[in-house]
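Colleague: Hi! Could you walk me through this model when you have a minute?
Modeller: Happy to, let me put it up for us.

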Amino acid sequence: MKLNRRRFLQSTAATAAAGMFGSSAFADDPINVASIHDLSGGLDIYGKPMVDALTLAVEEANAAGGLLGKQIKLINYDTQSNMQLYTQFAQQAALKDKVAVVHGGITSASREVIRPVLDRFKTLYFYNTQYEGGVCDRNQFDTGVTPAQTVEKLVPHAMKKWGKKVYVVAADYNYGQITSQWVKKYVTENGGEVASIDFFPLDVTNFGPTISKIQAAKPDFVWSALVGGAHISFYRQWAAAGMRKSIPMASTTFAVGNEHIVLSPDECNGMLVCYNYFQDLKNKTNEAFVASFLKRFGADYPNITELAMGTYQGFRLWAEGVKKAGSIDRIKVTEALETGISIDAPSGKVTIDPPTHHCVLDVHIAEVSDKKLKVLEDFAQQKPADTAAVCDLIKNPNDNQQYVIKI
């Protein structure tokens, strides 16, 4: 366990420290690409696999000749789970390093720090994380799944299996607050009830009083939208209280930080999750990708996460946009992406949805089983419908806001 945890948190020191690959291999005037992620602090459980995936994507592109006859230089910024550093590094990437694109942000709070900075300095932004949905901004592309693609599928699956009374625990910032409302919407639409929604700041580690409240409420299952290293304590305390075997749990955040590997099977077996990507997906593209990834980062790599795949796919989509545009110019690349560019990714077909700048992609429900994620059900080519109802950047290119669910 300790070795797995150390291997997971160390990841590849080279990508965090070097900030670029061997410069001698680059042609003059390379294309700069920024990675702004948490490589230390409580959110590094998400950030390090994302940077590893971006590293591999850039290396593959350079090995294939780069883009537009130039090599790509990846510049890594470690935001240390500190929102102030997101502002600083977004400005540095745009103004000093003059990057063609930023791939970055993990929490929705970090995204909302980066987004206005990159809008102001006219630098294209890819947010590659599963999130609460609703952002409508022509300068931003979102490659992660939204509640209309995951919560909408997982809620009825869990209710059919366990029952209709749900207790929600969530991180106390915009992701948890908004996602919990999507959970409530789908629970209600499927004839269920939400007993309570409890929010927790990211640094909370004592969940004893909440566990007592859940015991008293007697829900059929718990829905977790907890986030970060500190919140792993909830799952440990839940199991220690003997609750795992009596009240099951579903989540749209668990395992994206490899929590199912950090925790013991007794602490998390049986939990249901729903994402776009799982390492054991059976297709030739994924099998080749996994082989390349493990060759690059080591056969003992714990697990290739949903967020890592979102980042890999985000770079691939941007690169296809550059090729189609024949330029790294922000507007030209945006217009190319808005033609509905698709890639054959390890997760399946991924297509930019032009009106929303989100993605059409496959999703899967899986069960945690002995440090593995066992896929139970597949849903092909799910649209980001929660945003599409109100966001149309083709008709309204100057729209710039986050549409929030109203119940």
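This is a predicted model: local features need pLDDT of at least 70, side-chain atom pairs count only at pLDDT 80 or more; totals for chains, interfaces and linings use all residues.

Colleague: Okay, strands. How many residues of strand E14 are buried?
Modeller: Ten of its twelve residues are buried, so strand E14 (residues 358-369) is largely enclosed by the rest of the structure.

Colleague: And how many bridges join E14 to E15?
Modeller: Eight bridges join E14 to strand E15 (residues 372-382), and the two run antiparallel. As an example of who faces whom, Ile 365 stands opposite Glu 377 in E15.

Colleague: What does the turn between E14 and E15 look like?
Modeller: The two strands form a hairpin with two residues between them, and Asp 370 in that turn has a positive phi of about 55 degrees.

Colleague: How does E13 pair with E14?
Modeller: Strand E13 (residues 348-353) pairs with E14 in the antiparallel sense, over three bridges. Ile 352 has Cys 359 in E14 as its bridge partner. E13 and E14 form a hairpin too, with four residues between the strands, and there His 357 takes a positive phi near 65 degrees.

Colleague: And what about strand E11 and E14, how many bridges there?
Modeller: Four bridges join strand E11 (residues 272-275) to E14, and these strands run antiparallel. In that pairing, Val 273 has Ala 366 of E14 as its bridge partner.

Colleague: Switching topic: how many aromatic pairs are there?
Modeller: The count comes to 20 aromatic pairs. One of them is Phe 126 with Phe 141, which is stacked, with 5.3 Å centre to centre and 20 degrees between the planes.

Colleague: Where do those two phenylalanines, Phe 126 and Phe 141, lie?
Modeller: Phe 126 lies in strand E4 (residues 124-127) and Phe 141 in strand E6 (residues 140-142), so their pair ties together parts that are 15 residues apart in sequence.

Colleague: Are Phe 126 and Phe 141 buried or exposed?
Modeller: Both Phe 126 and Phe 141 are buried. Another pair to look at is Tyr 275 with Phe 278, which is tilted: 6.0 Å centre to centre, with 50 degrees between the planes. Tyr 275 and Phe 278 are buried as well.

Colleague: Which residues do ring pairs link into a cluster?
Modeller: Phe 200, Phe 207, Phe 234, Tyr 235, Trp 238 and Phe 254 are linked that way.

Colleague: What sits over the ring of Phe 379?
Modeller: That would be the charged end of Lys 153, placed 5.5 Å from the ring centre.

Colleague: On to charges, then. How many salt bridges does the structure hold?
Modeller: It holds 13 salt bridges. In one of them, the side chains of Lys 323 and Glu 320 meet at 3.3 Å, N to O. Lys 323 and Glu 320 are three residues apart in helix H13, so about one helical turn separates them. Glu 320 counts as partly exposed because its relative accessibility is 27%.

Colleague: What about Glu 189 and Lys 185, how far apart are the closest N and O atoms?
Modeller: Those atoms are 2.6 Å apart, and the two residues form a salt bridge. Glu 189 and Lys 185 are four residues apart in helix H7 (residues 174-189), which means about one helical turn between them. Glu 189 is exposed at 53% relative accessible area, whereas Lys 185 counts as partly exposed at 26%.

Colleague: Last one: where does Ser 327 lie?
Modeller: Ser 327 lies in the loop between helix H13 (306-325) and helix H14 (330-337). Ser 327 counts as buried because its relative accessibility is 14%, and the cut-off for buried is under 20%.

Colleague: And what does Ser 327 touch?
Modeller: Leaving aside residues up to four places away in sequence, Ser 327 touches Leu 68, Val 322, Lys 332 and Val 333. A polar atom of the Ser 327 side chain also lies 2.9 Å from the backbone nitrogen of Asp 329.

Colleague: Great, thanks for the tour!

Terms used. Residues are numbered from 1 along each chain as its sequence is written. Side-chain values use heavy atoms; hydrogens and water are left out. Rings of Phe, Tyr and Trp (its six-membered ring) pair if their centres lie within 6.5 Å; planes under 30 degrees apart count as stacked, over 60 as edge-to-face and the rest as tilted. Buried means under 20% relative accessible area, exposed over 50%, partly exposed in between (1.4 Å probe, protein chains only). A charge sits over a ring if NZ of Lys or CZ of Arg is within 6 Å of the ring centre and within 35 degrees of the ring normal. A polar contact is a pair of N or O atoms within 3.5 Å; within protein, one must be able to donate a hydrogen and the other to accept it, and residues adjacent in sequence count only if both atoms are side-chain atoms. Contact means heavy atoms within 4.5 Å. A salt bridge is a side-chain nitrogen of Lys or Arg within 4 Å of a carboxyl oxygen of Asp or Glu. Two strands pair if DSSP finds at least two bridges between them.
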